[in-house]
Amino acid sequence: MLDISNLSKTFSPHTPLENKVIDNLSLQVASKDFITLLGSNGAGKSTLLNLIAGTYPADEGTISLDGKDITSRKAYERAMLIGRVHQDPRLSVSPNMTLLENLSLADAKGESFSLKKAVNLKRISYYKEQLAQLGLGLEDKLNTKIGLLSGGQRQAVALYMAVMKKPKLLLLDEHTAALDPRTSELIMTVTDSLIRKEEITTLMVTHNMKHALEFGNRLIMMHEGHIVKDVSGEEKSHLTTENVIQMFKDNADSIEDRFVLGL
Ligand SMILES: Nc1ncnc2c1ncn2[C@@H]1O[C@H](COP(=O)(O)OP(=O)(O)OP(=O)(O)O)[C@@H](O)[C@H]1O
């Protein structure tokens with residue numbers, strides 16, 4: 001489904017700051033896989049997601065999605081196939097626009113439109129129905145600017161917008177990290193139910209070990225631009241936090257406090 005082959009990326013090449021962040025990485029992701037991606041700071045997790053999304057090009061290697069080679073496609077072209085939610089909601093939604101305007105824009109993704117034309121009043125009852133299922137009271141906030149919503153509500157909107165057009169792939173980059181623990185749990189529940197409902201293949205970067213264990217069918221650990229551990233199915237379902245801490249000890253230089261705090 002997602003086929004990454006011999007991918008490499010070096011920042012600031014041929015300078016004293018040269019940094020090979022992704023090093024000949026290959027990864028095959030099956031349709032409907034939900035992968036939790038762990039790794040220490042600077043392991044290359046966000047860079048991998050950025051390369052998949054086309055934020056910047058890879059130096060070497062290929063990426064194909066659903067049988068199509070997307071390696072040289074621009075980010076906006078890939079956005080038709082790939083939904084994305086970041087830690088910072090401002091990267092996923094437009095805070096100065098209302099919820100309705102944001103949803104209308106996401107709904108019109110890939111079409112030429114003016115905002116006035118794009119705000120689809122006929123869709124309001126559909127949006128309300130869908131938003132009500134998220135259980136965060138968003139169905140009554142359609143005319144509220146996104147910037148005035150709570151952090152959890154914003155991330156729920158970002159998630160909903162990311163999956164609205166049924167992307168082939170969903171990339172989640174620490175999308176609950178800026179939320180308080182209770183809201184983070186709530187957004188993970190919403191995330192899991194949207195992924196299951198829409199059956200979307202997902203890669204989720206997280207520093208929360210509990211989430212990495214509880215969600216998804218496959219867990220990958222990265223270190224220094226490599227995949228150092230890849231556990232799936234039965235084996236993943238039996239993993240414990242102690243196992244993951246041991247994985248860090250065996251494969252990474254150190255384990256940071258924020259991983260342990262995620263327990
Ligand atoms: N656009 C960029 N230009 C230069 N260096 C970058 C760029 N993006 C990332 N890096 C560097 O690449 C390395 C890997 O960064 P990346 O954000 O992919 O790591 P990560 O595994 O997501 O880490 P974290 O868990 O801390 O978010 C870091 O040393 C970072 O400073």
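**A first tour**

Modeller: Helices (H or I, at least four residues) and strands (E, at least two) are DSSP runs, numbered from the N terminus. Keep in mind that this is a predicted model: local features need pLDDT of at least 70, side-chain atom pairs count only at pLDDT 80 or more, and totals for chains, interfaces and linings use all residues. Residues are numbered from 1 along each chain as its sequence is written.

Biologist: Zooming out, how many helices and strands does the protein chain have?

Modeller: Eleven helices and ten strands. The radius of gyration is 19 Å, close to the 18 Å that the globule rule gives for 263 residues, so the chain is as compact as a globular protein of that length. That radius is taken over C-alpha atoms, and the rule is 2.2 Å times the number of residues to the power 0.38. The C-alpha atoms fill a box of roughly 55 × 40 × 35 Å along the principal axes.

Biologist: How much of the chain is buried?

Modeller: Buried residues make up 39% of the 263 residues. As for contacts (C-beta atoms, placed from the backbone, within 7 Å), take those with a separation of 6 or more: residues 24 or more positions apart account for 67% of them.

Biologist: On to sheets. What is the strand order in the open sheet of six?

Modeller: The order is E6-E7-E8-E3-E9-E10, with mixed pairing. Two strands pair if DSSP finds at least two bridges between them. The edge strands are E6 (82–85) and E10 (226–232), each pairing on one side only. On average, neighbouring strands here are turned by 20° against each other, direction ignored.

Biologist: Which way do E6 and E7 pair?

Modeller: E6 and E7 (residues 169–173) are parallel, over four bridges. Gly83 has Leu170 in E7 as its bridge partner. E3 and E9 also pair in the parallel sense, over five bridges, and Leu37 has Ile220 in E9 as its bridge partner.

Biologist: What about E9 and E10?

Modeller: They run antiparallel, joined by six bridges, and Leu219 stands opposite Val231 in E10. E9 and E10 form a hairpin with two residues between them, and Glu224 in the turn has a positive phi of about 45°.

Biologist: What's the order in the open sheet of four strands?

Modeller: That one goes E2-E1-E4-E5, with antiparallel pairing. E2 and E5 (68–69) stand at the edges, each with a single partner strand, so one side of each is left without a neighbour in the sheet. Between E1 (residues 2–11) and E4 (residues 60–65) there are five bridges, and Ser8 stands opposite Glu60 in E4. Helix H1 packs on this sheet, touching E1, E2 and E4, and its direction makes about 65° with that of E2. Such angles run from 0 to 180 degrees between N-to-C directions, with axes fitted to C-alpha atoms, for helices over the stretch in contact.

Biologist: Which strands does H1 lie across in the six-strand sheet?

Modeller: H1 lies across E3 (34–39), E6, E7, E8 (201–205) and E9 (218–223), running at about 150° to E7. Leu49 lies in H1 and is buried, with 21 other C-beta atoms within 10 Å. Leu49 touches Leu171, Asp173, Leu203 and Val205, leaving out residues up to four places away in sequence.

Biologist: Last topic: which residues are around the ligand?

Modeller: Phe11, Asn19, Val21, Gly39, Asn41, Gly42, Ala43, Gly44, Lys45, Ser46 and Thr47. A residue counts if its C-beta atom, placed from the backbone, lies within 6 Å of the molecule.

Biologist: Which element supplies the largest share of that shell?

Modeller: H1, with three residues. Strand E2 (19–29) and helix H1 (45–53) each supply at least two.

Biologist: And how does the shell split by class?

Modeller: Three nonpolar, seven polar and one charged. Here Ala, Val, Leu, Ile, Met, Phe, Trp, Tyr, Cys and Pro count as nonpolar, Asp, Glu, Lys and Arg as charged, and the others, Gly among them, as polar.

Terms used: Buried ≥ 20, exposed ≤ 12 C-beta atoms within 10 Å, placed from the backbone. Contact = placed C-beta atoms within 7 Å.
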